[in-house]
Amino acid sequence: MAISLLLGLPVDEDEFLRRGQESETSRRSDYLAKWDDPGASAADRLDHLRGWWRRRYQADVAEPLRRLADAARAFGCRVVREAALGDVEAAAGVSKVIVVIGHWKGPELENDDFLGPGETIAARLDGIDHPLARWIVDSLAPKRGLGRLFSRALTPRDALRASLDAEIDGETPSGVDQFVELPQTRRSRRRDRLDSWLAGTLAPGNRLELWDGLHTKEAVAEALGAFEGIVDLTACTTTYLGAYIFLHSGGRCRTVQFLTVQEPVDFAARLAATLELAAQGYDYLTAREAVGRELIAIAENRSEKGPCSD
Amino acid sequence: MFGLKGVVSDLNRDATKAGGGLSSKAVAALRIHRSRVGVLGVVLFAAVLAGVTIAAYLALRQVGRPSDIKIVAGGLGLSLGTALEMLRRIWKDWSQTGLLLILVEDARDDQIAGLLEKLSARL
């Protein structure tokens, strides 16, 4: 089987409820956490999740993914539901293309990521000799004199969030005339540093969520081993993960992903069309690019003609 | 869709996107919205103030000519009424956004998701 479709997100109600109620912290779903109240009783938690399934998840996520899985099976792909990291490893042994449907917990600092009291952050970063650490410590310090009129000390949460995008002198490699980096890559790189400095205070970011929990880029690359095909990371802005896999494999493994966060209904339709073309003999990357181009052309054509014209 | 309702609806719709959480996006979007609405309010308030000042000045110049004063007062009444209603709406939007920010800044993602869903339906 040349193409494996790995579904790391729930596609039916039973999967959604089981995954949503996961009690083991290391396996708890970050993607479903926004619909789960861990403090509620078991019965209330179940009701709560059922409500979200009915109102949002079923139509917005599960149905598009189920249609994609059906289409993939019809085109002769190998479809794995409840896909875990072990399934990535298994797919690497039997496939030329691996399509991963998972959730990318990116570099953004969510409220749930702050595990400890913010007051300790300045103390923990104080001794670290790095421009990013110094920038955060400076932005936390109360301003003195006239400085108070123009800026105020940030809260720990705001300082850490702002540090991901801030222009910080001295951070780029010396001896380089021009250093170009995607904003998403810069955020991810800085988030990795913050995670290592503030372990235990911050829940780490830059993780790929599959059925068995969140995985680092190193673990995903390790699971792929000597795989020499294409990994389609589909739904997320996983350029950081994609670049790592590419470099780790010495360029033998190609990755492809979307540059912006996608609606499941959009990426599922796009992937189904790609798989159909691939089943007809098109090279996977050519098929994916052609589908993307066609969809853009359709969208542009529609916006020129207006939403009601054919 | 403009205003707080538009911001809340966008955030609520984004909740199912595969990637990212809710709170950081919600805090950033609400702060940007509050700041834009604040600037708009200040500009509109300055325009109202300038309008009233100019109208008062013109009225004072026309003392003794009641028909001209009537025109100035009538024009001012029409535009001032609309501007004050806009200011009231801006003030309401600004203060509701501020209140929502207080709640969202420290809430868990599941609490924010519930809040956004309810507000999206009822605002």
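## Where the two chains meet

In this predicted model, chain A and chain B bury about 2,200 Å² between them. Carbon and sulfur atoms make up 46% of that buried area. The size of an interface is often given as the accessible area lost when the parts come together. On the side of chain A, Lys34(A), Arg56(A) and Glu110(A) lose the most area to chain B, together 27% of what that side buries.

## What holds a place in the interface

Let us now look at the pairs that cross from one chain to the other. The rule finds 12 residue pairs in polar contact across the interface of chain A and chain B.

Side chains of opposite charge can pair when their charged atoms come close. Across the interface of chain A and chain B, the rule finds four salt bridges. One of them joins Asp158(A) to Arg31(B), and the closest N and O atoms of this pair are 3.0 Å apart.

## The build of chain A

Next comes chain A as a whole. Its secondary structure comes to 12 helices and eight strands. The C-alpha atoms of chain A fill a box of roughly 70 × 55 × 50 Å along the principal axes.

Chain A has 310 residues, and buried residues make up 47% of them. Among the contacts with a separation of 6 or more, 69% are between residues 24 or more positions apart.

## A cluster of aromatic rings

A search of the whole structure finds nine aromatic pairs over all chains. A pair of aromatic rings is described by the distance of the centres and the angle of the planes. Take Trp35(A) and Trp52(A): their ring centres are 6.1 Å apart and their planes are at 40 degrees, so the pair is tilted. Trp35(A) lies in the loop between helix H1 (13-20) and H2 of chain A, while Trp52(A) lies in helix H2 of chain A, so the pair ties together parts that are 17 residues apart in sequence.

Are these two residues buried or exposed? Trp35(A) is buried, with a relative accessible area of 1%. Trp52(A) counts as buried too, at 2% relative accessibility. Both rings belong to a cluster in which ring pairs link Phe16(A), Tyr31(A), Trp35(A), Trp52(A), Trp53(A) and Tyr57(A).

Over all chains, the count comes to 37 salt bridges. In one of them, the side chains of Glu13(A) and Arg50(A) meet at 3.9 Å, N to O. Glu13(A) is in helix H1 of chain A and Arg50(A) is in helix H2 of chain A, 37 residues apart. Glu13(A) counts as partly exposed at 31% relative accessibility, and Arg50(A) counts as partly exposed at 34%.

Helix H1 of chain A also holds Arg18(A), whose side chain meets that of Glu82(A) in a salt bridge of 2.5 Å, N to O. Glu82(A) lies in the loop between strand S2 (78-81) and helix H3 (85-94) of chain A, so this pair ties together parts that are 64 residues apart in sequence. Glu82(A) is partly exposed at 26% relative accessibility, and Arg18(A) is partly exposed at 39%.

A further salt bridge joins Asp192(A) and Lys217(A) at 3.2 Å, N to O. Asp192(A) is in helix H8 (residues 183-197) of chain A and Lys217(A) in helix H9 (residues 217-224) of chain A, 25 residues apart. Lys217(A) counts as buried, at 12% relative accessibility. Finally, salt bridges can join up: Asp30(A), Lys105(A), Asp113(A), Arg191(A) and Asp195(A) are linked in a network of them.

Definitions and conventions
Residues are numbered from 1 along each chain as its sequence is written. Chains are lettered from A and ligands numbered from 1 in the order in which they are written. This is a predicted model: local features need pLDDT of at least 70, side-chain atom pairs count only at pLDDT 80 or more; totals for chains, interfaces and linings use all residues. Side-chain values use heavy atoms; hydrogens and water are left out. Buried area is the accessible area (1.4 Å probe) that two parts lose on being put together, summed over both. A polar contact is a pair of N or O atoms within 3.5 Å; within protein, one must be able to donate a hydrogen and the other to accept it, and residues adjacent in sequence count only if both atoms are side-chain atoms. Rings of Phe, Tyr and Trp (its six-membered ring) pair if their centres lie within 6.5 Å; planes under 30 degrees apart count as stacked, over 60 as edge-to-face and the rest as tilted. Helices (H or I, at least four residues) and strands (E, at least two) are DSSP runs, numbered from the N terminus. Buried means under 20% relative accessible area, exposed over 50%, partly exposed in between (1.4 Å probe, protein chains only). Contact means heavy atoms within 4.5 Å.
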